Amino acid sequence: MNQLQDKTALSHRPDATRCVHSRRSALYVPANNHRAMQKAATLACDAIIFDLEDAIGPDDKPSARKAIKDWFGAGRPPHMACIIRINALSSAWGMDDLEMAAACAPDAILLPKIETPSDIRTVQKALDDLNAAAHTRLWAMIETPRGLVNCQHIADTGMEAGGRLDCLIVGTNDLAKETGVDLSDGRQLVTSWLMQIILAARAAGLDVLDGVYNNFRDLDGYRSECETGRSMGFDGKTLIHPLQIDTANATFGASAEALADASAIVAAFALPQNSGKGVIQMDGKMVERLHLEQAEKLLAKAALQQKSVTSI
Ligand code: COA
Ligand code: MG
């Protein structure tokens, strides 16, 4: 388990056995770009995703695979989650990618263009057959029309016995390509689809990350998209360039004010006179135990982010 996840049991949810993660910023790194791969380990993103799929041309797949193997072989950094995006198992490269990825024992393997629950189960079975590390989770990209309409069933595989799925990622570029929707004027037209993916993830207790912002020099437009994504409920954003990391960390991380409020709620419920109470008032506002649960989760995530900063 890397430092950005923690088995922090939320004290008021007896069923809360899932890990708390910090996934504000997940940077794609093309696995044929040696310089970017070396640089990635020094960056402040919460996760790096080595890409074998869209960013790598057919001729470069074998050498990119080897580059990832060598990178993990040299020792992974402890302060970020290390993920490998493979090609679809149905492609000519998928099985070789999966074998290599399983041998690297990354924190997760990211599966592109997931369309049905059986896409997930097939990979899980293959990972079990390969004796993949138990800590290696699956992340799934929802980026096709069929993946979108099936996303609740896909997300639910995370709750099955032995299920490895724990995060969904929105693939906005592919969604635009496959549906014909025009994103040149912003994301208003696809907002309902994105909310559907967030809802499916939440219903299954999964994290969910927003798609990439292609114009990495347009930092104002990028910030605005991060802020909207945060309001929609995403846990973080997938990124393509190091310039995008700080804004994602700031936007999807907790503000000092939010942390102070969370600490005050935890402290208030810890007072002897409030023990056993379901609801209290603080400064004229109703505060329930569900707010305590939210506050505890926020503080747990913030503690992980603090650890990641001090370890860089
Ligand atoms: N990860 C790590 N480092 C990266 C990086 C990334 N994704 N993108 C750029 N860098 C590094 C460069 O290596 C360069 O490092 P240096 O200054 O030490 O030489 C520095 O950041 C500045 O890079 P810059 O010149 O601004 O960009 P570029 O022209 O080299 O690359 C892209 C631009 C878009 C091609 C590149 O950012 C990229 O490949 N992004 C990821 C694409 C991807 O994976 N797509 C698939 C998923 S959507
Ligand atoms: Mg894609």
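Me: I see a magnesium ion (ligand 2) here; which residues coordinate the magnesium ion?

Reply: Start with what counts as a donor: N, O and S atoms within 2.8 Å of the metal (3.2 Å for Na, K and Ca), and since water is not among the atoms, sites may look incomplete. Here the magnesium ion is coordinated by Glu143 (OE) and Asp174 (OD), at 2.0 to 2.2 Å. The two residues come from distant parts of the chain, 31 residues apart: Glu143 sits in the loop between S7 and helix H5 (145–149), and Asp174 in helix H7 (residues 172–179). Those labels are DSSP runs numbered from the N terminus, helices being H or I of at least four residues and strands E of at least two.

Before we go on, keep in mind that this is a predicted model, where local features need pLDDT of at least 70, side-chain atom pairs count only at pLDDT 80 or more, and totals for chains, interfaces and linings use all residues. Residues are numbered from 1 along each chain as its sequence is written, chains are lettered from A and ligands numbered from 1 in the order in which they are written, and side-chain values use heavy atoms, with hydrogens and water left out.

Me: Is Glu143 buried or exposed?

Reply: Buried means under 20% relative accessible area, exposed means over 50%, and partly exposed is in between (1.4 Å probe, protein chains only). Glu143 has 1% relative accessibility, so it counts as buried. Asp174, at 10%, counts as buried too. Just after H7, Gly180 takes a positive phi of about 90 degrees.

Me: S8 came up there. Which strands pair with S8?

Reply: Two strands pair if DSSP finds at least two bridges between them. Strand S7 (residues 137–142) pairs with S8 in the parallel sense over 5 bridges, and strand S9 (residues 207–210) pairs with S8, also parallel, over 3 bridges. You can follow one residue across: Ile169 in S8 is the bridge partner of Met141, and Leu209 in S9 is the bridge partner of Ile169. Since 6 of the 6 residues of S8 (residues 165–170) are buried, this strand is largely enclosed by the rest of the structure.

Me: How do I read the sides of a helix?

Reply: An α-helix has 3.6 residues a turn, so residues three or four places apart point the same way.

Me: How many disulfides does the structure hold?

Reply: A disulfide is a covalent bond between the sulfur atoms of two cysteines; the cut-off used is a sulfur pair within 2.5 Å. This structure holds 0 disulfides. For Cys82, the nearest cysteine sulfur, that of Cys45, is 9.0 Å away. For Cys226, the nearest is again that of Cys45, 13 Å away. Cys82 is buried, with a relative accessible area of 0%, and Cys226, at 0% relative accessibility, counts as buried.
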